[in-house]
Amino acid sequence: MDSCSYNPHAKTLDELLAGDEQSEGGVIILHGGPGTGKTAALRSLRTHWTASGSLYLAATGFHNEREIAGSTIEQLAQTPGIPDPLQGTLRQLMGRLTAPAASATARIRCLHGFVATLTGTARHARPVIVVDDMHNADRASRSSLLHIARRARDVGIVVVFSCTREFWESGVHSPGLLGLPDCRTVEASALSDPDVRLLLEGEVGAEAAAAFAGSAHRICGGNPRLVAGLLQDLRTDGVPPDASPVAVGGALRGAYRAALARHPALWDCALALAVLGDGGTSAQVARLLRRDVDEVAHQIGELNRAGFLRDGAFRHPGIRTAVLEGADRVERSFLHRRAVALLQGDGASLCTLAGHLIAADRVPDEVEVSILLSAARELLSRGQAEEARRCLRLADRAELDEQTRADVSTDLVDALWHVNPAAARQDAELLLAAMSAGLLKEHGLRLLILLLLWFGRHEEAEEAIRSLKKIPPSVQTEGRTRDLAFLVGYFRPELLDALPVSPVDQSRSGVAPAAQLGKTVPPPFGSTWIDITSGERSSLCSSPQDGEGIGACIRWGPTAPNLSRFWDRNVIYLLELLQHGHLLDTDRLCGELLIRLPAAESPGRQAFLTGLQSHVRMLQGDLRTAVRQGVAALELLPLHSWGVAIGAPLSALISAHTFLGETDEAARYLEYPVPYEMMQSYFGATYLMSRGHHFLATGRPDAALSDFTACSSLATRQRGTPLDLIGWRSSAAEAHLAMGAPQMARQLVTTELSLLSSRPSLPRGRALCTMAAVDEPERRRAWLEESVQVLRACGGRISLAGALADLSQFHMESGDTELARARWHEALRMTDECGLSRPMAEVAVSRPDRWSVSALRKGPADGESATETDGEVLSEAEWKVATLAAGGRSNRQIAAELYVTVSTVEQHLTRVYRKLSVKRRPDLSKVLGSFGLGTGQQHSFTGNIS
């Protein structure tokens, strides 16, 4: 038995046909995997024999017609152009094959008549009988065709059978084929990598083909039919950009399904693998389909050889999706539910089982509801809120008792909050109804309270607090109660008095509940750490080194944090750090949580953390980053989903743009609608502070003072809340200074410093800097130096730049020009770090005049272009000369005072003019005057500066 390999794009088939043409006839067996080129080979055969004048008779075996006797032979009789005598004998044969009482002798007589008619036809045109998918032919047609094939060479006809490789290789299925005389076999093999590249070159060009040939071959496995589908997608969708993977388009998906549709056993095997997902084994497929394991293993091997699978797995996720989409919905659902029972016995994870239940999309029973609830909590712990929501929605469709339905609603609201708080708001009514019925548990009540406060529904939140107080307190709930109180201090400080108090809290102190619960004592340096993988605190044996801060006490675990609750321990600890002014540690922890959070699954939580980090970056002075993160936070959620927390990103954007001098952009964010209830929360206070600073920067100190003092009523109602540390008194003092009321400013700052602890914080640093402006001149240096020290420790770079500038001015007035210059240069570097490096840098400091324009660096004059020396700072000698010149001294007077020549003074002034981009001495007076070094100030400089 001869054997040769067939590739539809090679020329071995032509050689085979040329040999057959010179012979008297024979049999050709074309076998291979599904879609591996048998159809293309048959097309080539038909073209060849039709062109040579042969009589071409074709038929195809169909899987659905295997039980219809003679269905394949009937197709031969319907061939267009068939001679009448041949058609008559075929009809007679059909009659014998379909007649129930027909004897074998009668059938053989009809077959002999058909062969005799073919022999007569062969004198004029060679008869060619081609049967595609011989493995699907009905039994009667198959036996008749084999009878004809055994006589093909003797009568001078050609018979071609195509079948699967499995059918050909298995002697059990094809004993008749194995016994055919003078049979030539042609194997339809997959395309090689160079073959695929050659085809791509004809479609997309050599350069693109070289880039995509490898990935195209990996996706299609060299299967000609799949490659043809891929080429069709390239013609339709175009070539993907450079370095982009080849996409699985509609034509490729259709080709995949069409190729397997003619092989039901293989299709069922592929569908079972698609249902099981990654990691499905042949044993699991056999149990799912209730077939023999060896049979399934052979079918998977056939799919591997044909390029549909690679090592028993799909070559691309899009292929698996195509198989699932091509399956009947009822059948797919049935397989998924059967897979749950199968995989549960194999110890599969709850999330895997829940995924099958969701894909089945059927009302779950009691056992399946339990699986869905447990899986939803596990998914939430990973941050996969969207998947958890699907589990809970499906569980909610089941017949549940009232308590279980309340539990499902609680978890559903928690999951929806991760995705979109507005969606959780719609389901809050379910929790309110469960609360009225007394079915809501402790966790559900806490969740409901925070959700109601998020959207400013204070009266309903107070009602939920009353329901929470009815639950008997215990030591186990102490930490949860304190966490709830801490968060209430952010959303609605007035409700702190209404919160329940645990027995432990009552035994610790006799103070009022609000004062005890509303204030969370910060962890002492070196005494505690937080494990980001669990949010739990533990004791440390040693303290961090000086200067490392709380960040040194945070242990960053290798796994994702536990996100099973929106307000988990990580977020609460983050807010604690912010409340106590630890900006660097707050930023670090917030950034780590964002990195480990799957953003696509939890946009609600992602938006909140991004908005919070934007606020922190603004406080640190990283203004451009604050703007980017604020914009990103607003893009993650629609405005109506933010509730009162919208104040966090908006306040950051307003302040950042104000400090950058982009007041028009800041005003645009002031036009955003905000809920009225926001003004009674910490987020509303920060919004008022940002708006007040904007008013102060745009020359409206009276409006600024109104916003700053509006925070006072919020901060004084409940002591020990985050509102204490927003620094409204220092800001109000700045407004009073701008309005010419230094006495009021001093009174406010004194009160602020008496209320703040000695721990470094941004409000304390700003208050110290403001005190320097209103206190006695002899104490100014001490206030400024302490302010610089505090602001360095807490990371408030914008205020630090202003404090350094004021300290530089103090040193200049005292005649210490070297130290003044060092402080001045540091202030300039700080403004650059904050993104303020532009011609007229605006620096927010504690003094009101610094809110408008402070000429820390003067840019090129109008009409002049920048030179290579733009941005250079003055040397000490240039500072001395420039200051004396701005004070009204002539060049000769300056030369006499500094013991230098007039020429040296002129050279220094030339460099000063160039560096400060001024043209004449009056302009120099204006520039230095903005720094407090204008005309009339006397300075004593000594020493030779040449």
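**Reading helix packing and aromatic pairs**

Trp454 is buried, and Phe491 is buried too. Both belong to a predicted model.

Me: How are the rings of Trp454 and Phe491 arranged?

Reply: Start with the whole set: the structure holds 14 aromatic pairs. In this one, the ring centres of Trp454 and Phe491 are 6.2 Å apart and the planes stand at 40°, so the pair is tilted. Trp454 sits in helix 24 (residues 442-454) and Phe491 in helix 26 (residues 478-491), so the pair ties together parts 37 residues apart in sequence.

Me: Which residues form one aromatic cluster?

Reply: Trp417, Trp454, Phe486, Tyr490, Phe491, Trp567, Phe608, Tyr682 and Phe683 do.

Me: Now helices. What describes two packed helices?

Reply: The angle between their axes, and the distance between the axes. Take helix 12 (residues 224-237) and helix 13 (residues 250-261): their axes come within 7 Å and cross at roughly 160°. Helix 12 and helix 13 are therefore roughly antiparallel. Their crossing is right-handed.

Me: Which residues of helix 12 and helix 13 meet?

Reply: Helix 12 brings Arg225, Leu226, Gly229, Leu230, Gln232 and Asp233; helix 13 brings Gly250, Ala251, Leu252, Ala255, Tyr256, Ala258 and Ala259. The contact of helix 12 with helix 13 has eight nonpolar, three polar and two charged residues.

Me: Is the crossing of helix 35 and helix 36 left-handed or right-handed?

Reply: Left-handed. The axes of helix 35 (residues 663-670) and helix 36 (residues 682-697) come within 11 Å and cross at roughly 145°. Thr663, Ala666, Ala667 and Leu670 in helix 35 meet Tyr687, Arg691 and His694 in helix 36. That contact between helix 35 and helix 36 splits into four nonpolar, two polar and one charged residue.

Key:
Residues numbered from 1 in each chain as written. Predicted model: local features only at pLDDT ≥ 70, side-chain atom pairs only at ≥ 80, totals over all residues. Heavy atoms only, no water. Axes fitted to C-alpha atoms, helices over the stretch in contact; angles between N-to-C directions. Helix = DSSP H or I, 4+ residues; strand = E, 2+ residues; numbered from the N terminus. Parallel < 35°, antiparallel > 145°, perpendicular 65-115°, else oblique. Left-handed = near helix turned anticlockwise from the far one by under 90°. Contact = heavy atoms within 4.5 Å. Nonpolar A, V, L, I, M, F, W, Y, C, P; charged D, E, K, R; others polar. Phe/Tyr/Trp six-rings, centres within 6.5 Å; stacked < 30°, edge-to-face > 60°. Buried < 20%, exposed > 50% of the residue type's maximum accessible area, 1.4 Å probe, protein only.
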